Amino acid sequence: MKSKFLSFILYSILFTPMLSAQDWADKKEDKKTPTFVFGVNVGTLFANNNTASIYDGSEKNSSYGIQYILDLPQNTTFFDTYFNQSYSLEELPLNPTYKTALDIGIHAGINISRNSSIFVEINMANLSVEQLFTILIDDPTNLAIEPNYEQLPIIGEEKRININLGTQLSFFYKGKTNLYWSFFGNFNRIQLERNYIVIDGKEFEIRHTLPQQPNTKPNGIGYGGGTGVGVKYKLSETLTTDLAYNFYYIKTSINDNLQGFGINHGVTLRLLWNQ
């Protein structure tokens, strides 16, 4: 499944623009087509959750997780004052998920003909995970059957870069409007920036680095491909808007244990200058 999909994307990128350029080479409209295109992207990224569990505060993902923070002697006075009773970690976050992220970047392309182009774009997004973990508070004055629980926030922050290289092929062209399919290959890099819990307004860091490598953050490189559909509208001879939806099937990796293929979605608005 993975290899067939990626092979189809690669075939589309390499061969379809050449065929389309040959089909339309003799059309007069192509002589007026700008050769180079440059623009900016602003959109949203809906990422899969293959790597989100690294932010759950468990000992499996970090030796300096929630339990480690609760056990640190320098934190004892603060926690004893806040909880005012005996306390213990009851439950970690369930099914951590990424929030929808702002995706911004740049886009550059070459128009092979009025109906086909090749492009490269680089997009950057700051992803976050915001979940809750549960503390059990052993209050002797509580006469209820159930003990007291308090849910507290745990937050993860991550940087992600997507590089797409592909082709756009028009299937409807009328007046100032152009509808197209896109096919592209993808390379990506993700890096953990922060992971922390918040108790009584104070942040406590969950470290994911080794003592001998304090400045090295977990990161990984992935690859894959995708397809999409978009509509362009010509504002002037040099300016075009482009609204697109992209479907990604890519591998993401943040360490050796958290990696794999999955589906991502993106919606992008581009402002393009034609040269």
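A pocket is found on a 1 Å grid over the protein atoms alone: it is an open set of points where a 1.4 Å probe fits, with protein on both sides within 12 Å along at least five of seven lines, and its lining residues have an atom within 4 Å of a point.

Before you start: this is a predicted model, where local features need pLDDT of at least 70 and totals for linings use all residues. Residues are numbered from 1 along each chain as its sequence is written.

**Exercise 1.** Describe the second largest pocket.

*Solution.* Step one: find its lining, which has 16 residues, with Ile54, His208, Pro218, Ile254 and Asn255 nearest the centre. Step two: sort the lining into five nonpolar, eight polar and three charged residues; here Ala, Val, Leu, Ile, Met, Phe, Trp, Tyr, Cys and Pro count as nonpolar, Asp, Glu, Lys and Arg as charged, and the others, Gly among them, as polar. Step three: note its space, about 280 Å³.

**Exercise 2.** Find the partners of strand β1.

*Solution.* Strands are DSSP runs (E, at least two residues), numbered from the N terminus, and two of them pair if DSSP finds at least two bridges between them. Start with β3 (residues 101–113), which joins β1 in the antiparallel sense through ten bridges; there, threonine 44 faces leucine 102. Then take β10 (residues 259–274), also antiparallel to β1 over ten bridges, where glycine 43 sits opposite threonine 268.

**Exercise 3.** Judge the confidence of the model.

*Solution.* Mean pLDDT (the predictor's confidence in each residue, from 0 to 100) is 88, and 87% of residues reach 70 or more. Next, look at residues 8–30, where pLDDT is below 50. Where pLDDT is low, predicted coordinates should not be read in detail.

Note on methods: Predicted model: local features only at pLDDT ≥ 70, side-chain atom pairs only at ≥ 80, totals over all residues. Heavy atoms only, no water. Contact = heavy atoms within 4.5 Å. Helix = DSSP H or I, 4+ residues; strand = E, 2+ residues; numbered from the N terminus. Points joined across faces, edges and corners; volume = space filled by probe spheres on them.
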